[in-house]
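Here is a friendly set of notes to read with the model open beside you.

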Amino acid sequence: MSQSIEGALDRHGLITVRRSTHSPIYTLVGAVILVVLLSAAPWMVPAQVASTLMNFFILVIMATMWNLLAGYAGMVSIGQQAFVGLGAYATLYLALKGMNPFVTVPFAALSCAVLAYPVTYLLFRLRGGYFSIATWVVADTAMLIIGTIAVLGGGTGRLMPGLQNLSPSETAHYSYLATWIVALVVVVGTYYLLRSRLGLVLASIRDNEVAARSAGANVRSARRIVFIIAAAGCGAAGAVLAISQPFIQPTNEFNLQWAAEMLFVSMIGGLGTIEGPIVGSIIFFVLQQTLQQEGAWYLIIFGTFATVIALWQPQGLWGAFRDRFHTELLPVGHWVDRTDGSVKVPKN
Amino acid sequence: MIWLNVIIQGILLGGFYALFACGLSLMFGVLKVINLAHGDMAVVAAYVAVFLTPHLHIPELWSFLVVVPIFGVIGYIGQRTLIQKSIDRDPFTTLLVTFGLSVVIENLLLEAYTANGQTVTIGTLITKSWHPTSIIYISYLSLMVLAVAVGVLALLQLFLSRTGTGRLIRAVADDREAAQLSGANYRHIFGIAAAIACATVALAGIAYGMMTQFEPTSGGVNLLFAFEAVVIGGIGSLWGTLVGGIALGVAQQFGAHFNPQYQVLAGNVLFLLVLAVRPQGLFGKRTALA
């Protein structure tokens, strides 16, 4: 796709189009070092740090998915905890059937995607804020239904089977690796998704939905695909959550707090960028760790901060940084330069 | 006879949902804003009634006389500052901002008043009821709430159709630009609509506090019920909201009759059914549909 865009614009000989603002080799080297370090982390850092990192990865997965929904497809879902919960319970169900909990993760993601498909036909009848609250109704309904199923622990919850024959340190290492792999797959997958043809449609919806429609983009089908992908991603997050915190309870897995965290993290970091949710998650964890003795204050401060950002700095912190320094770590758009190199205009 | 009682209880509950929902309906109808902090503001009103009125030496039953005007003023100011600022950006921002407010309010209440349940004390009124037969009982309080809901909706209808300000509100709701061209100050009109919506929210919150125990997190579930009432009744129709509230209340009571666990679930199922079969609701126009 990028080839054709560059070709089309280049014919006039006035401008050049590039993906990246710097040589991609630096990003690649940096990424390889980061992946090696984070993969080895559970053997190098104290267990407490590894477990914090794990929660951080879960938040990154959820926020990346929420950013796809809201930042690109314009859908403000406050019911993504539906799929976090369903993912967790799919893992519990399969583990009860005798499957290894770690093997269930892709199946949990898949079942969430399958469940999300019919749900889109209901939800897409509403728009804007009505869509938002309807997603919450769906999450509430899913929680209530799960709460009536006795074999899954009903309303009181149930312990995840299949982890007891491992030693505590083995459990910790394996669940760290599972979470880390899911996060890596989700972020890298989103990166390639946004560079694909669908990504181009999504970027055009983000920038101007009416223009995207008139240029022939199938907005509704793009939204449907994004909703299903986000359901699968949140389902995978729910599955690794169920493994890392193995007491499964409806009020915990289907907690509205997941939606709140995804939303705040994406807004603070920056909607419509891949880096934004990651930056937001880092800020969230620093704040949470600093204020962990102070009860709910981290959520109050974080929520206020997110509201202020939405009003006065809607591109978020990463968006502001990118616009100031003309740089992207994970380039999914195109930069257009005049051939004399004097003016740079970021273009997606 | 048992079923008659289930239906009567459902209607009484529905009156409360309609009272809760009319502010949400008004905010959407006029400002095109979905206030995701709607339920939490009601809970704040209930907390104010519990913790402020003892200082004023009036019975908590009459606390709404103080709280409702305060909330009207808060509504006007909140609209002219925060909400208008987000409307000026885009509808997307209003969702993010009101959701942010909702989470912040909930957690502030949690820090200030703990997670313990509270009630608005109304003395012996809570236990008084009317028994026409041995199975049917009608609580005076629920009947009063239903009457207040019908009264508020009727007053709102009269206000919107008979007064100059009401006509301005409808004009701005129908076509903001045209109303502006005719000299309407739409920001002021928005403020008035928000003030009315907040006043009804306060009334609903205090009624809620009288009927049952509440805690900082009670707002969310009430937002859901109000929203379901609005969609079932039909978006943009005030009397539809009353019918929607009653339909929701009856559905919940039917569910609860089989198993208390099914109360909320039955309401949600009715909502999803309406969405599948008649997405414009019972009395709605097709404005909020995609």
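**Notes on the two chains**

1. Let us begin with helix 6 of chain A, which is largely enclosed by the rest of the structure because 18 of its 20 residues are buried. Please keep in mind that this is a predicted model. Helix 6 of chain A covers residues 128–147, and its first and last C-alpha atoms are 29 Å apart, close to the 28 Å expected at 1.5 Å a residue.

2. Why is helix 4 of chain A described as largely enclosed by the rest of the structure? The reason is that 14 of its 16 residues are buried. After this helix comes A:Gly98, which has a positive phi, near 105°.

3. Of its 348 residues, 45% are buried. Look also at how the chain folds back on itself: if you take the contacts in chain A between residues at least 6 apart in sequence, 76% of them join residues at least 24 apart.

4. You will find it in the loop between helix 6 and strand 2 (158–159) of chain A. Is A:Thr156 buried or exposed? It counts as exposed, because it has 9 C-beta neighbours inside 10 Å, and the cut-off for exposed is 12 or fewer. Between A:Thr156 and A:Phe247 there are 91 residues of separation along the chain, while their C-alpha atoms are 10.0 Å apart.

5. Next, a word on helix packing. Two packed helices are described by the angle between their axes and the distance between the axes. For helix 12 (residues 256–269) and helix 13 (residues 275–290) of chain A, the axes come within 7 Å and cross at roughly 110°. Helix 12 of chain A and helix 13 of chain A are therefore roughly perpendicular to each other. The crossing of helix 12 of chain A past helix 13 of chain A is right-handed. Among the residues that make the contact are A:Val265 and A:Ile268 from helix 12 of chain A, and A:Pro277, A:Ile283 and A:Phe284 from helix 13 of chain A. Sorted by class, this contact has seven nonpolar, five polar and one charged residues.

6. Helix 13 of chain A also packs on helix 14 (residues 297–312) of chain A, where the axes come within 9 Å and cross at roughly 145°. This crossing, too, is right-handed. Helix 13 of chain A contributes A:Phe284, A:Leu287 and A:Gln288, while helix 14 of chain A contributes A:Tyr298, A:Ile301 and A:Phe302. By class there are five nonpolar residues, one polar and no charged ones.

7. Where do the two chains meet? On the side of chain B, 36 residues are in contact with 36 residues of chain A. Which elements of chain B give two or more residues to this side? They are helix 3 (64–89), helix 4 (91–113), helix 9 (218–233) and helix 11 (262–277) of chain B. Helix 4 of chain B gives the most, with 15 residues. The residues on this side of chain B divide into 25 nonpolar, seven polar and four charged.

8. Two loop residues of chain B deserve a look at their backbone. Most residues other than glycine have a negative phi, and most peptide bonds are trans. B:Lys32, however, has a positive phi near 60°. It sits in the loop between helix 1 (2–31) and helix 2 (38–56) of chain B, and it is partly exposed because 17 other C-beta atoms lie within 10 Å. B:His57 has a positive phi of about 55° and belongs to the loop between helix 2 and helix 3 of chain B. With 6 other C-beta atoms within 10 Å, B:His57 is exposed.

9. Finally, visit B:Gln213, in the loop between helix 8 (186–211) and helix 9 of chain B. It is exposed, with 11 other C-beta atoms within 10 Å. Leaving aside residues up to four places away in sequence, B:Gln213 touches B:Gly117, B:Gln118 and B:Thr119. B:Gln213 and B:Gln118 are 95 residues apart in sequence, and 5.4 Å apart in space from C-alpha to C-alpha.

Technical notes:
Residues are numbered from 1 along each chain as its sequence is written. Chains are lettered from A and ligands numbered from 1 in the order in which they are written. This is a predicted model: local features need pLDDT of at least 70, side-chain atom pairs count only at pLDDT 80 or more; totals for chains, interfaces and linings use all residues. Two residues are in contact if their C-beta atoms, placed from the backbone, lie within 7 Å. Helices (H or I, at least four residues) and strands (E, at least two) are DSSP runs, numbered from the N terminus. Ala, Val, Leu, Ile, Met, Phe, Trp, Tyr, Cys and Pro count as nonpolar, Asp, Glu, Lys and Arg as charged, and the others, Gly among them, as polar. The expected span of a helix is 1.5 Å times one less than its number of residues. Axes are lines fitted to C-alpha atoms, for helices over the stretch in contact, and angles run from 0 to 180 degrees between N-to-C directions. Angles under 35 degrees count as roughly parallel, over 145 as roughly antiparallel, 65 to 115 as roughly perpendicular and the rest as oblique. A crossing is left-handed if the near helix is turned anticlockwise from the far one by less than a right angle, and right-handed if clockwise.
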